[in-house]
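Please look over the sequence and the model first.

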There are 2 protein chains.
Amino acid sequence: MTDSLFSPVPDPSARQARGAGAAVAEGLATAIHEHRLTPGMKLGEDEVGAAFNVSRTVVRAALQTLAHEQLVSIAPHRGAFVAQPDMREAREVFEARALLEPRTAHSAALRATPADIALLEAHISAEHDALAAGETGRALRLSGQFHLDIARIADQATIAAFIANLVSRSSLVIALYWRRRNAICESNAHHALLRALADGNGPEAEALMKSHLVDLLSLLDLSPGARPARTLAEALGKP
Amino acid sequence: MTDSLFSPVPDPSARQARGAGAAVAEGLATAIHEHRLTPGMKLGEDEVGAAFNVSRTVVRAALQTLAHEQLVSIAPHRGAFVAQPDMREAREVFEARALLEPRTAHSAALRATPADIALLEAHISAEHDALAAGETGRALRLSGQFHLDIARIADQATIAAFIANLVSRSSLVIALYWRRRNAICESNAHHALLRALADGNGPEAEALMKSHLVDLLSLLDLSPGARPARTLAEALGKP
DNA sequence: GTCGCTTTGATTGTGTACGATTTCGTATTC
DNA sequence: GAATACGAAATCGTACACAATCAAAGCGAC
């Protein structure tokens, strides 16, 4: 059952650094980013190990890695689960992004080379294609990659790492608190951002990024009386 | 030999959550923060395990935790070493702090309760005492704790976690690139900050924090032709 | 029929053993 | 005499096995 989830690993040659543990972590992370693993799902060590054909030792390392990125939460003697950020954490994640990413976009606009622009264009195009093909999971992951690449262009590895963490967690937040399921077609913002970056227009890139993130936050349902997440609905509705 | 380094763990009841691994990580982290473990030192798994009376399994988990916080760097098949951030990373760490902490101080000033102020006062006092007693390591760690507590008062757990990471790494940067060894007596800045926080003066707290961080950065020796760190000098001069 | 306790099952936490890889010391050769 | 190649020791990476712990099922009492 879980084999079908993990076997088509998108990038098998991603990193083999530090053994196979990183590969497992990468596979699980992309599965989470693509919403094939939804918040609250249990990640049993034997189960994951069987899916990746590795032993529990390496699975444990991978889960710990993901726990440090706060993509999974480990309950002592209970196991690892895909994290379920509460509304407070959800708000904080986007607030932190609103604090970090605009200035990063500004820097990126001043440093972007034609090669960078081409890479971003390819990303947007791939995202569009995935969306057209109905693969909303892939589209969502590529959308995150877009933000991540901007941070990388800004050439601030430390802040880029923070943004990578926040983007990952945003995927969980979206899975839990997204309002309208089907409409993720706000790639206009990405197009506008790309234009500002290509023009080297720092202030505009900064403003566009800020408004983009505000828009994203406004599309979340963080009303105080909202559902306490679909913990049981998901856990019981799936198998 | 290493037993003498680790046995007097400052806070044995810190967290026993998630087994003993967290305790080992905490012990190593405080040792690094207090500059008792200096950048470049090797952290052999058996060695650390013997020091804490735990097996390699838990040591490995602890080292991986610290590696994710970038306090130690793990070289495949070589072992774990206390991280040696290069000058670029050193600059980035303080740039990131300058981006995050001022606004956090602003928020903290608006939310600080009398109990919070008392806690900060106690921290400053303890730092002063440690400095007077010649325990520069302890003083340095407490100085970091001061910044961390401000972030906690601001009630932004996500950003506070980032700041905690940056403060930790700052300790490594200071160990490597500090200019004048003996003069760390700039606790005046902390006093002024405390005053602004107690008065609930957000803008002043923000400005003070910013200038404080700029001062700290200016006290580092990040000239391009500086020494390539004291890797061997420290490793050979200590024992 | 429902609540509480006990037992059983499964899963995680930890320790240990074996294999792979690197490194350091030594001997050999140019 | 210096550089290189080889061998041995040490260390890390992974797998497996046992013990501790928790959750749920089974049973009994109210």
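Asp149(B) and Arg152(B) stand three residues apart in helix H7 (residues 136-153) of chain B, so about one helical turn separates them. Their side chains meet in a salt bridge, at 3.3 Å from N to O. The model is a predicted one, and over all chains it holds 22 salt bridges.

**The pair in helix H7 of chain B**

- Asp149(B) is buried, because its relative accessible area is 5% and buried means under 20%.
- Arg152(B) counts as exposed, at 51% relative accessibility, since the cut-off for exposed is over 50%.

**Glu45(A) and its partners in chain A**

- Glu45(A) forms a salt bridge with Arg56(A), with 2.9 Å from N to O.
- Glu45(A) belongs to helix H3 (residues 45-52) and Arg56(A) to helix H4 (residues 56-68), so this pair ties together parts of chain A that are 11 residues apart in sequence.
- A salt bridge also joins Glu45(A) to Arg60(A), where the closest N and O atoms are 2.9 Å apart.
- This pair links distant parts of the chain, with Arg60(A) in helix H4 and Glu45(A) in helix H3, 15 residues apart.
- Arg56(A) counts as partly exposed, at 43% relative accessibility.
- Arg60(A) has a relative accessibility of 43% and so counts as partly exposed.

**A network with residues from chains A and B**

- A network of salt bridges links Arg88(A), Glu92(A), Arg111(B) and Asp155(B).

**Background**

- Side chains of opposite charge can pair when their charged atoms come close.

How values were computed. Residues are numbered from 1 along each chain as its sequence is written. Chains are lettered from A and ligands numbered from 1 in the order in which they are written. This is a predicted model: local features need pLDDT of at least 70, side-chain atom pairs count only at pLDDT 80 or more; totals for chains, interfaces and linings use all residues. Side-chain values use heavy atoms; hydrogens and water are left out. A salt bridge is a side-chain nitrogen of Lys or Arg within 4 Å of a carboxyl oxygen of Asp or Glu. Helices (H or I, at least four residues) and strands (E, at least two) are DSSP runs, numbered from the N terminus. Buried means under 20% relative accessible area, exposed over 50%, partly exposed in between (1.4 Å probe, protein chains only).
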